[in-house]
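Subject: Salt bridges in the model

Dear colleague,

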Amino acid sequence: MLNRAYQECFEQCFVKQYSMIHRLETNKLRNVAKLFAHFLATDAMPWALLSYIRLTEEDTSSSSRIFIKIMFQEMSEQLGLRKMNERLSDPTMGAAFDGIFPKDTPKNTRFAINFFTSIGLGGLTDNLREHLKNMPKLIMQQQKPVQVSESESESESDSDSESESGSDSGSDSGSDSESESSDSESSESEDSRDRKRRRKK
């Protein structure tokens, strides 16, 4: 492992070179890729360096794909595909490799699988293939809580509407009883008036 001070310098160089990789000639691009592949294969630099790479169609150019291709092929030659796959499958480094092996959308996952397969390193994509195979199930599981919450909100709205209809019927019955009582009172007052008139006569 390189000295900490040198690691930081080379890490800054990696970020700068990768962001400007489209400006390099093919030979210079190849040399830069092989240099950092050697650093990673010999553990001179931490593998978290790969977190700066996001392997999607939108986030890469033809130059950056060539850079990634040369770097990974060089690492595979020095380490061997089996040992390299073990390194990239390390669960403690999963966050650093999320950009190299994206699992956010099926499109990005397929792109990464096709890329590594095309450069002869399809063996590194076993976990991605398994994830892509199970992705429909994961989507269904994510949609279930949403459907449950929607059904609960619908049941709550139905209960609210029923309670409102009950209150409306209660108010209607109350108004009907009030009108009936007022009618009976008016009829009683008319009867008393008729009786008074008869007495006067």
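A residue is called buried when its relative accessible area is under 20%, exposed when it is over 50%, and partly exposed in between, with a 1.4 Å probe and protein chains only. Please keep in mind that this is a predicted model, in which local features need pLDDT of at least 70 and side-chain atom pairs count only at pLDDT 80 or more, while totals for chains, interfaces and linings use all residues. Residues are numbered from 1 along each chain as its sequence is written, and side-chain values use heavy atoms, with hydrogens and water left out.

The structure contains five salt bridges, the term meaning a side-chain nitrogen of Lys or Arg within 4 Å of a carboxyl oxygen of Asp or Glu. One of them pairs Arg 87 with Asp 43, whose closest N and O atoms are 2.9 Å apart. This pair links distant parts of the chain, 44 residues apart, since Arg 87 belongs to helix H4 (residues 81-88) and Asp 43 to the loop between helix H2 (26-41) and helix H3 (62-79); helices here are DSSP runs of H or I, at least four residues long, numbered from the N terminus. Arg 87 is partly exposed at 23% relative accessible area, and Asp 43 is partly exposed at 28%.

In another salt bridge, the closest N and O atoms of Arg 54 and Asp 104 are 2.7 Å apart. Arg 54 lies in the loop between H2 and H3 and Asp 104 in the loop between H4 and helix H5 (106-118), so the pair ties together parts 50 residues apart in sequence.

Best wishes

Definitions and conventions:
Helix = DSSP H or I, 4+ residues; strand = E, 2+ residues; numbered from the N terminus.
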